[in-house]
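Welcome, and thanks for taking a look at this one with us.

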Amino acid sequence: MISRGRPKGAPEAIAPVLPHEVRATVRNHLAGKIEQWFFQTEGYGVVFIVNATSTAEAHELLEKLPLGVGGMMEFQLIGLGPLAPLAMLIGEPPRS
């Protein structure tokens with residue numbers, strides 16, 4: 001899953017929460033829940049690649065992060081999966 005967050009709150013309100021957010025994010029990364037994380041270079045926010053079986057599970061994980069608990073983030077969740085048509089390049093039919 002990819003989650004992009006954008007703060008709803010003012011930067012002054014977010015700043016004191018960020019150290020807690022970073023620690024919680026690192027804990028989730030070490031637990032294998034957040035696989036990759038990026039900062040957006042255009043706009044504001046982060047992009048997480050989350051190890052989850054559904055967008056609902058990913059949303060639950062993100063809502064438990066300090067900025068999620070504080071209502072300072074909004075999330076756009078996009079389900080991801082393997083690029084199945086690549087199987088044609090190696091002579092295998094795509095899985096359905």
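A pocket, as the word is used here, is an open set of grid points with protein on both sides within 12 Å along at least five of seven lines. The model you are looking at is predicted, and its largest pocket has a volume of about 280 Å³.

**Overall layout**

- The protein chain has four helices and four strands.
- Read from the N terminus, these elements follow the order β-α-α-β-β-α-α-β.
- Of the chain's 96 residues, 27% count as buried.
- If you take the contacts between residues at least 6 apart in sequence, 57% of them join residues at least 24 apart.

**The largest pocket**

- Its lining is made up of 15 residues, and those nearest the centre are Leu18, Glu21, Phe39, Val46 and Leu67.
- Sorted by class, the lining holds 12 nonpolar, two polar and one charged residues.
- Three elements each supply at least two lining residues: helix H2 (18-30), strand S2 (34-39) and strand S3.
- H2 gives the largest share of the lining, with four residues.

**The nonpolar cores**

- Eight residues form the largest nonpolar core, namely Ala24, Ile34, Phe48, Val50, Ala58, Leu61, Leu62 and Leu65.
- Strand S3 (46-50) and helix H3 (55-63) are the elements that give two or more residues to this core.
- H3 accounts for the largest share, three residues.
- Another core, of five residues, lies apart from this one, and its members include Val17, Leu67, Met72 and Met73.

**The buried side of H3**

- Which residues of H3 are buried? They are Ala58, Leu61 and Leu62.
- These three sit on the same side of H3, because they cover an arc of only 95° around its axis.

**Ile34, in strand S2**

- Ile34 lies in strand S2 and belongs to the largest nonpolar core.
- Is Ile34 buried or exposed? Its relative accessibility is 0%, so Ile34 counts as buried.
- Setting aside neighbours within four places in sequence, Ile34 is in contact with Thr25, Asn28, His29, Phe48, Ile49, Val50 and Leu61.

**Phe48, in strand S3**

- Phe48 is found in strand S3 and is another member of the largest nonpolar core.
- With a relative accessibility of 6%, Phe48 falls under the 20% cut-off and therefore counts as buried.
- Phe48 and Gln36 are 12 residues apart along the chain, and their C-alpha atoms are separated by 5.8 Å.

- Lys33 has its place in the loop between H2 and S2.
- Its relative accessibility of 31% is the reason why Lys33 counts as partly exposed.
- Not counting residues up to four places away in sequence, Lys33 touches Asn28, Ile49, Val50, Asn51, Glu57 and Leu61.
- Lys33 and Ala58 are 25 residues apart along the chain, while 8.7 Å separates their C-alpha atoms.

Technical notes:
Residues numbered from 1 in each chain as written. Predicted model: local features only at pLDDT ≥ 70, side-chain atom pairs only at ≥ 80, totals over all residues. Heavy atoms only, no water. Core = buried A, V, L, I, M, F, W, Y, C linked by side-chain atoms within 4.5 Å. Buried < 20%, exposed > 50% of the residue type's maximum accessible area, 1.4 Å probe, protein only. Arc of directions from axis to C-beta. 1 Å grid on protein atoms, 1.4 Å probe; cavity = no way out; pocket = protein on both sides within 12 Å on 5 of 7 lines; lining within 4 Å. Points joined across faces, edges and corners; volume = space filled by probe spheres on them. Nonpolar A, V, L, I, M, F, W, Y, C, P; charged D, E, K, R; others polar. Contact = heavy atoms within 4.5 Å.
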